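Colleague: Hi! Could you walk me through this model? I'd like to go over a few local features with you.

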Amino acid sequence: MKKFLQNKKGRYPFRQSKRGPRCPSKDFFLSMPTSNQGWPEDFGFQLGGIGPTYIVSVEEGSSAHLAGLQAGDQVLEIEGHNVSTLAPQAVIAIAQTQKNIPPSIGVVSRIQQMDIVPGPDGRFGFTIVGDCPLLVEDCSPCSPAGRAGLRAGDYVMEVNGIPVRHHEMAATLIKASQGRTLRLGVLSLGPRHKRSTSLEDSQMGGEWVRLDRKHKALEFNRKVDQILGDDPEVKEKLFSVLKQYAAEKRVEWLASVLLEILTTDKHRQLISSI
């Protein structure tokens, strides 16, 4: 657990970072607020959540940033008081009444790492909006990102291990990863409860699987038409082989036969989709 607190000299212990120790400047001490009434914004960070409370953004160069607070941290304590289940407004009310400026704050990182394997089209299946923090606006449960656990309403804090605060930078990093596994550092403000198994859940899960398979089948058929549209004989052989494989499940046989049927580089673009 990390802490951001005032010591006897009125200075702040800074956490060691990967880039070395963080040292405050003279300007930092001169510009410190004289009360907690503007906490947390006056100290350079913002809170979110509905209980627990999380730090959703930290301003670079602020006292919070220099003290080691990071976006994705969950607030556990204020001056030793347990606030781990409280919503932001309650946490703020407690912090603003403390005598120490700023009040000590105990936090722990709640960033979850997700590895997302791209779909056949090279995409991941989600969109992000905003800045500081970056919000997942849309994510289908049937998409590669959805299957990895990403949900609309989550916040993206890192892309491939790089902290991101602005949409443009995140979009550039995500685009550069198309065709390769994408690693996201994600903060979910909503609880991720384990769902109890029920008939309704099973039916809904089965429906998602059915829709996902249907979507993949349509995409595959579209790609086959695009690549083999001028070769109806090859197309017929391909579907005949796939039908036989579905019945027998012989992977090695399928691999050898596909190489015999799909003889050109253009045709073999289909192999990754199969």
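This is a predicted model: local features need pLDDT of at least 70, side-chain atom pairs count only at pLDDT 80 or more; totals for chains, interfaces and linings use all residues.

Colleague: What kind of pair is that, going by the planes of the rings?

Modeller: The planes of tryptophan 39 and phenylalanine 45 are at 90°, so the pair is edge-to-face. Planes over 60 degrees apart count as edge-to-face.

Colleague: And are tryptophan 39 and phenylalanine 45 buried or exposed?

Modeller: Both tryptophan 39 and phenylalanine 45 are buried.

Colleague: Let's switch to helices. At what angle do H7 and H8 pack?

Modeller: Helix H7, residues 232-248, packs with helix H8, residues 251-261, at an angle of about 180°. Their axes are 10 Å apart. With that angle, H7 is roughly antiparallel to H8, because angles over 145 degrees count as roughly antiparallel.

Colleague: Which residues make that contact?

Modeller: On the H7 side, the contact is made by Val234, Lys237, Leu238, Val241, Leu242, Gln244 and Tyr245. On the H8 side, the residues are Val251, Trp253, Leu254, Val257, Leu258 and Ile261. Sorted by class, the contact of H7 with H8 has 11 nonpolar, one polar and one charged residues.

Colleague: Which residues of H8 are buried?

Modeller: The buried residues of H8 are Leu254, Val257, Leu258 and Ile261. They cover an arc of only 105° around the axis, so they sit on the same side of H8.

Colleague: What do those buried residues pack against?

Modeller: The buried residues of H8 pack against H7. On the other side of H8, Glu252 and Glu260 are exposed.

Colleague: Where do proline 52 and proline 102 lie?

Modeller: Proline 52 is in the loop between strand S2 (45-48) and S3. For proline 102, look in the loop between helix H3 (88-96) and strand S6 (105-109).

Colleague: What about phi of glutamate 79 and of cysteine 132?

Modeller: Phi is near 50° for glutamate 79, a positive value in a residue other than glycine. Cysteine 132 also has a positive phi, near 45°. You'll find glutamate 79 in the loop between strand S4 (73-78) and strand S5 (81-82), while cysteine 132 is in the loop between strand S8 (126-129) and strand S9 (134-139).

Colleague: Why do glutamate 79 and cysteine 132 count as partly exposed?

Modeller: Glutamate 79 counts as partly exposed because its relative accessibility is 25%. For cysteine 132 the value is 22%, so cysteine 132 counts as partly exposed too.

Colleague: How far apart are the C-alpha atoms of glutamate 60 and glycine 44?

Modeller: Those C-alpha atoms of glutamate 60 and glycine 44 are separated by 7.9 Å, and the two residues are 16 residues apart along the chain.

Note on methods. Residues are numbered from 1 along each chain as its sequence is written. Side-chain values use heavy atoms; hydrogens and water are left out. Axes are lines fitted to C-alpha atoms, for helices over the stretch in contact, and angles run from 0 to 180 degrees between N-to-C directions. Helices (H or I, at least four residues) and strands (E, at least two) are DSSP runs, numbered from the N terminus. Angles under 35 degrees count as roughly parallel, over 145 as roughly antiparallel, 65 to 115 as roughly perpendicular and the rest as oblique. Contact means heavy atoms within 4.5 Å. Ala, Val, Leu, Ile, Met, Phe, Trp, Tyr, Cys and Pro count as nonpolar, Asp, Glu, Lys and Arg as charged, and the others, Gly among them, as polar. Buried means under 20% relative accessible area, exposed over 50%, partly exposed in between (1.4 Å probe, protein chains only). The arc is that of the directions from the helix axis to the C-beta atoms. Rings of Phe, Tyr and Trp (its six-membered ring) pair if their centres lie within 6.5 Å; planes under 30 degrees apart count as stacked, over 60 as edge-to-face and the rest as tilted.
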